[in-house]
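Biologist: I've got a model open and would like to learn how to read its salt bridges and its sheet. Can you walk me through them?

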Amino acid sequence: MPIRLFARNVLHTTMTGMLASVLVLTLSSCSSNPPQPEQRKAPPAKTQTKSSVSPGQLLEMARQRQSPERESLVLQAAQAYIEDNKFSRARDLISEMNPDALPDQDYIKYTDLLSTLALQEGSNFLAHGILTKPRLEQQWQAMEPATEIALREKRARVFALLGETRLSVNERMQLSALINNKKQQLENQEALWQDLMAIPFAELQQLALNEMGEAARGWYSLATIGKNNQIDLEQQREQLQAWLGQWPQHPAHDNLPNDLRLLQSLIDKQPQQIALLLPMQGKLAEVGEAVRDGFFAAYYQALSNGRKTPEVRQYDSSVDALAAYQQAVADGADLVIGPIDKEKVTELSLMPTLQVPVLSLNYPDAPPAEPLKGFYQFGLAVEDEARQVARQAFVEGHRQAMVIIPAQEWSERSARAFVNEWEKLGGTVVNRSQFTAGGNYSNLVKDAMLIEQSQVRARELQELLGTKLESLPRSRSDVDMIFLIADPAQARQIKPTFAFHYAGKIPVYSTSQVYSGEPNPKADRDLNGIRFNTMPWLFDTSSPEKQAVAQYTKSAAVYGRLHALGADAFRLYARLPQLEQVPQMRIFGATGALHMLGDGRIEREQIWVRFRNGDAVPLPVVINETDVQ
């Protein structure tokens with residue numbers, strides 16, 4: 001079932017004038033099983049040409065007309081302003097309208113323009129409310145095809161952004177019956193495939209069996225093949241061939257998603273010999289051992305399933321990683337995985353060329369000036385987590401952030417990544433504070449929330465009036481989210497301090513460092529409400545690789561993340577060309593959903609978790625405003 005979403009009270013102040021009229025969300029019209037796409041004969045689309053009449057002239061004409069012609073002219077003026085990227089002027093015009101008084105055609109246009117403005121400034125909850133009104137649901141049959149396509153496209157985008165993936169899939173399937181343009185059809189199909197890949201595998205299986213519509217059932221069946229078997233190329237190819245035989249008339253039959261189209265090429269070119277470059281001695285020996293254990297847990301799991309596996313040889317990267325690489329190449333390696341030491345990864349990244357591709361297990365100190373062909377980078381970067389926090393908080397409607405971090409080099413890097421992404425999206429950082437381990441956390445929060453200033457103002461007012469006032473200090477009002485980087489012990493002291501200083505209702509986001517990886521409800525009650533991103537491995541109780549690591553190795557739980565890194569290195573080895581050629585593709589691994597950026601860097605999108613009653617509980621994609629506490 002879709003999540004119930006409510007508008008946030010932190011939306012841009014520029015949009016507040018519209019809330020009364022547009023923000024009554026009724027999701028009964030957006031059930032997860034809407035009617036299948038109709039092949040109906042719609043009125044011909046009108047040619048869209050830019051009006052030669054200026055917005056000012058249209059408004060002057062509107063002043064001389066009566067309703068409903070007046071409102072129609074105002075909407076035309078607002079559209080002209082949007083086409084000229086003068087969004088604030090369009091917003092001012094539309095916010096003064098009463099949509100309930102508009103005739104149907106004007107109401108459709110009003111909805112189209114207002115949702116465009118909401119999406120333009122990132123007010124996704126508001127756009128959701130506008131685009132799911134019951135009145136709009138009653139208008140589909142009367143719309144011109146171009147208008148219906150535009151509205152359904154926006155609905156699909158909003159549903160996907162806010163985690164209502166099934167609804168987005170339904171909209172995309174409706175669009176497939178409406179779009180005649182080949183390029184738009186391919187773009188819609190690609191977006192549909194990405195939505196399908198965001199649905200859990202078990203749910204896809206049920207939908208493939210139970211969905212009523214023939215085309216929809218075919219899509220869900222194909223998606224189970226795409227989402228499952230991401231390690232076993234041969235099995236995936238066999239299932240794809242069976243699907244092609246079963247669904248000869250399906251729209252995807254002659255136009256498979258890009259990642260599935262590459263299967264045969266991947267099978268033909270997959271590495272036959274892999275070299276593992278990991279430290280076997282020195283301070284990183286235990287790290288190398290943990291990564292190796294995760295890699296071979298996945299390797300032997302594939303072997304036990306009858307899968308063809310490459311030969312694997314291990315080389316010590318502790319002393320000279322370049323020499324180890326050259327030796328691996330001389331021994332016939334088709335792919336090198338490692339090293340993990342940042343300094344040695346940097347050495348490899350500075351080579352002029354690579355004889356065989358490298359999947360490093362860390363990132364160089366600085367990216368090469370030009371991407372090095374065949375150099376792929378994969379690791380557990382704190383920067384990835386911080387950027388994901390910024391994107392998630394922005395999607396959930398926040399715009400003004402406070403950043404609180406420990407005085408350490410890695411947290412500085414994480415904070416910079418958050419701030420850069422946050423400001424790129426359009427958010428503002430209103431305060432940044434640092435703390436030292438064992439410091440005075442109460443003073444840290446008190447200063448950050450400007451409690452002292454509030455107390456001074458109260459005393460000054462009391463002196464001015466000459467009477468004692470009954471007043472409580474107030475925390476600053478220009479913060480709507482807090483980004484906290486802290487380990488569990490630090491966070492258990494800092495989080496309750498927000499409530500003590502009158503800021504307990506501000507959502508707190510964090511990264512995986514805030515969770516030890518082991519359930520501890522009694523101690524973690526003080527973390528209640530914190531939401532953080534982390535790798536699926538920590539909450540996957542059925543992973544055979546995780547069970548094998550627990551059974552056959554003596555690694556401490558603290559190395560769990562490194563086991564996951566090793567397991568995903570095995571998942572990735574045969575898929576690197578696929579990820580490189582299909583940027584939208586995701587490998588759903590132990591460390592997160594993995595995709596490749598243009599420079600060969602593999603970025604992780606982790607799951608979201610929140611502390612509730614001391615337990616770390618995985619979350620849906622987007623969190624409701626009413627579900628924060």
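Modeller: Start with helix α20 (residues 409–425), where Glu 421 and Lys 424 sit 3 residues apart, about one turn of the helix. Helices here are DSSP runs of H or I with at least four residues, strands are runs of E with at least two, and both are numbered from the N terminus. This is a predicted model: local features need pLDDT of at least 70, side-chain atom pairs count only at pLDDT 80 or more, and totals for chains, interfaces and linings use all residues. Residues are numbered from 1 along each chain as its sequence is written, and side-chain values use heavy atoms, leaving out hydrogens and water.

Biologist: How far apart are the closest N and O atoms of Glu 421 and Lys 424?

Modeller: A salt bridge puts a side-chain nitrogen of Lys or Arg within 4 Å of a carboxyl oxygen of Asp or Glu. For Glu 421 and Lys 424 the closest N and O atoms are 3.4 Å apart. Both also belong to a network of salt bridges with Asp 384, Arg 387, Arg 391, Arg 601 and Glu 603.

Biologist: Is Glu 421 buried or exposed?

Modeller: Buried means under 20% relative accessible area, exposed over 50%, partly exposed in between (1.4 Å probe, protein chains only). Glu 421 has 8%, so it is buried, while Lys 424, at 64%, counts as exposed.

Biologist: And what is the strand order in the open sheet?

Modeller: Strands of a sheet pair through backbone hydrogen bonds, either parallel or antiparallel. Two strands pair if DSSP finds at least two bridges between them. Here 5 strands run β2-β1-β3-β4-β5, with parallel pairing. The edges are β2 (311–316) and β5 (375–377), each pairing on one side only.
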